[in-house]
Amino acid sequence: MSIPTRPLGKTGVNVSAICLGGWHIGQPAIGDAEAERIMHAAIDEGVTFFDNAWDYHEGRSEEIMGNALRTGGRRQKVFLMTKNCGRDAEHSRQHLDDSLRRLKTDVIDLWQFHEINYDNDPEWIVERGALAHALEAQQAGKVRFIGFTGHKAPHILLKMLGTHNNWDTCQLPVNVCDYFYRSSIHDVIPELKKRNVAAIGMKSLGGGNLEAGGQIPGGGVATADECIRFALSQDIASLVVGIDSMKVLMQDVEIARNFRPMPKDESDALLARVKTVAGDGRFEPSKSTQLFDGPYHRRQHGFAG
């Protein structure tokens, strides 16, 4: 049985319902050989969407992924996404050049502005020339589609959405607690749907992975299986999942392969169970603290990295 695919908004591309996350796969503790083995197995199992970012592990994630994709025609089997951390034209140009070199490719399928987490990020992207450069790179064929990500607050994502009329994607938190706290599900995804902008889910476990438990499963709020099935039942094109072992890969693949939309009675019961602890952000520290903000972006805004 193959992993189901879904349309990526208006791009005309279908991607696997789960997407291999770039941060987890680049963790030094995994080791390059094992990380490559996991990525090769992911492709063999039907994961066609890979995530990354310029700043993950100071470029290590992109380098490892580039090595994993360069043989066996694997690059052609994967819809490859990475992210630009620049807020001006100069740094955006540098980040794209770095990403193309590290990933050993001539084109990035999806290039997203990373961590639109601060209220002035959308303004910087426009005023400092980063958006203009992204559009130039798209015109030049270095980038196929453009989007943005953020894990802090719906109003910032909506502000970013308004800076450009033709965004292709938005990557944002989608989980059972999000339903009650700074909710992407309620406040952002309906707007994305109106504009045919693909929603890419992340933080389905509140931050973490199946092996470590994640914030939400680790807190005893819901199981990892419930969290991932709930997220996949929302109006998203794909769900980025953190994979740092073969065991986690096969667990995620199994959930995706057997996925059926969560029945309303099960979803209602799950939401009722988490409601009492979901509303204050304790299980979504990526929204309520700077713990999940990348060091590069913290420094960008004058905070300690």
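A residue counts as buried when its relative accessible area is under 20%, as exposed when the value is over 50%, and as partly exposed in between (1.4 Å probe, protein chains only). By that rule, 60% of the 305 residues of this chain are buried.

Before the views, a word on how to read them. This is a predicted model, in which local features need pLDDT of at least 70 and side-chain atom pairs count only at pLDDT 80 or more, while totals for chains, interfaces and linings use all residues. Residues are numbered from 1 along each chain as its sequence is written, and side-chain values use heavy atoms, with hydrogens and water left out.

**Figure 1. The whole chain.** The chain holds 15 helices and 10 strands; these are DSSP runs numbered from the N terminus, helices being H or I with at least four residues and strands E with at least two. Along the principal axes, the C-alpha atoms fill a box of roughly 50 × 45 × 40 Å. A contact here means heavy atoms within 4.5 Å. Among contacts between residues at least 6 apart in sequence, 75% join residues at least 24 apart.

Figure 2. How many of the 9 residues of H11 are buried? In this helix (residues 224-232), 8 of the 9 are, so H11 is largely enclosed by the rest of the structure. The buried ones are Ala224, Glu226, Cys227, Ile228, Arg229, Phe230, Ala231 and Leu232. Their cover includes strand E1 (5-7), helix H8 (184-187), helix H10 (215-218), strand E10 (238-241), helix H12 (246-257) and helix H13 (264-278).

**Figure 3. Helix H6 and its buried face.** In H6 (residues 130-139), Ala130, Leu131, His133, Ala134 and Ala137 are buried. Looking down the axis of H6, you find these buried residues within an arc of 160 degrees, so they line one face of the helix. The arc is that of the directions from the helix axis to the C-beta atoms. Just after H6 comes Gly141, with a positive phi of about 85 degrees.

Figure 4. Disulfides, meaning pairs of cysteine sulfur atoms within 2.5 Å, number 0 in the whole structure. For Cys85, the nearest cysteine sulfur is that of Cys170, 16 Å away. The sulfur of Cys177 is 7.4 Å from the closest one, in Cys227, which is too far for a bond. Both residues are buried: Cys85 has a relative accessibility of 0%, and Cys177 has 1%.

**Figure 5. Aromatic rings that meet.** Rings of Phe, Tyr and Trp (its six-membered ring) pair if their centres lie within 6.5 Å; planes under 30 degrees apart count as stacked, over 60 as edge-to-face and the rest as tilted. The whole structure has 8 aromatic pairs. In one of them, the rings of Trp54 and Tyr296 have their centres 5.0 Å apart and their planes at 70 degrees, so the pair is edge-to-face. Trp54 lies in the loop between strand E4 (49-50) and helix H3 (60-69), and Tyr296, 242 residues apart from it, in helix H15 (residues 295-300). Tyr118 and Phe303 form a stacked pair, because their ring centres are 6.0 Å apart and their planes are at 20 degrees. Tyr118 is buried at 12% relative accessibility, whereas Phe303 is partly exposed at 40%. Trp111, Phe113, Phe148 and Trp167 form one aromatic cluster.

**Figure 6. Glu284 in its loop.** Is Glu284 buried or exposed? With 2% relative accessibility, Glu284 is buried, and its place is in the loop between H13 and helix H14 (285-288). Leaving aside neighbours within four places in sequence, Glu284 is in contact with Pro173, Asn175, Cys177, Asp178 and Tyr181.
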